[in-house]
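Here is a short briefing to read alongside the model. Take a moment to look it over before going through the points below.

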Amino acid sequence: MRALTETDVRASFVNATEEELETMEMPHDFLFIDWDFRDFFAWRDPVFGKRGYVIVETAARAVGIVLRASESGRAQAGMCNICRTMQPGAQVALFTARRADSAGSRGDSIGTHMCVDLSCHDNVRLAPPLAPNEIRPAGQVDMRLDGTRRRMEAFVARVQENPDVAD
Ligand SMILES: [Zn+2]
């Protein structure tokens, strides 16, 4: 994706309250991010632990959403709906996002299970180990990358959908 400055990041959010924008903390490694290898950008707030952020790139501009994590620490393993990685219970959490605009002011939100540290981007690059003599089909990792990116972009698009505005 195109490199983002902190100003770009702050201007990208479609569902954040003023208070959330004021108190948002950038990730500690922000200055060292290799944007060429990012399909989207996601992090947990280092201070406000329940908050997370995702920024995707659309044709027009970067679009960011604020997420809120439910309590993690479920007993059972679960699957992240973004990168489709099976995770131990403590590594997957339900994240909800307030809908943008008037739908969000009314209290509408949508949620899905994601990797608790929002590291889908990295997890999907860690392909499962191969059995001896197994040959990895060409393109397998690429397909997982494309799917992860597509599902994250679709989730952000759903946050932006506003049933109040007919199109
Ligand atoms: Zn994931």
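In what order do the five strands of the open sheet run? The order is 1-2-3-6-7, and the strands pair in the antiparallel sense. Please keep in mind that this is a predicted model.

**The sheet**
- Strand 1 (40-44) and strand 7 stand at the edges; each has a single partner strand, so one side of each is left without a neighbour in the sheet.
- On average, neighbouring strands of this sheet are turned by 30° against each other, direction ignored.
- Seven bridges join strand 6 (residues 92-98) to strand 7 in an antiparallel pairing.
- Opposite R98 you will find S109 in strand 7.
- As background, strands of a sheet pair through backbone hydrogen bonds, either parallel or antiparallel.

**The helix across the sheet**
- Helix 5 (residues 140-160) lies across strand 1, strand 2 (51-57), strand 3 (62-69), strand 6 and strand 7.
- The angle between helix 5 and strand 2 is about 105°.

**Two residues with positive phi**
- Most residues other than glycine have a negative phi, which makes the next two worth a look.
- R84, not a glycine, has a positive phi of about 60°. R84 sits in the loop between strand 4 (78-79) and strand 5 (86-87).
- R84 is partly exposed, because 14 other C-beta atoms lie within 10 Å.
- L118 also has a positive phi, near 55°. Its place is in the loop between strand 7 (109-115) and helix 4 (120-123).
- L118 is buried, because 24 other C-beta atoms lie within 10 Å.

Terms used
Residues numbered from 1 in each chain as written. Predicted model: local features only at pLDDT ≥ 70, side-chain atom pairs only at ≥ 80, totals over all residues. Helix = DSSP H or I, 4+ residues; strand = E, 2+ residues; numbered from the N terminus. Buried ≥ 20, exposed ≤ 12 C-beta atoms within 10 Å, placed from the backbone. Pairing = 2+ DSSP bridges. Axes fitted to C-alpha atoms, helices over the stretch in contact; angles between N-to-C directions. Contact = placed C-beta atoms within 7 Å.
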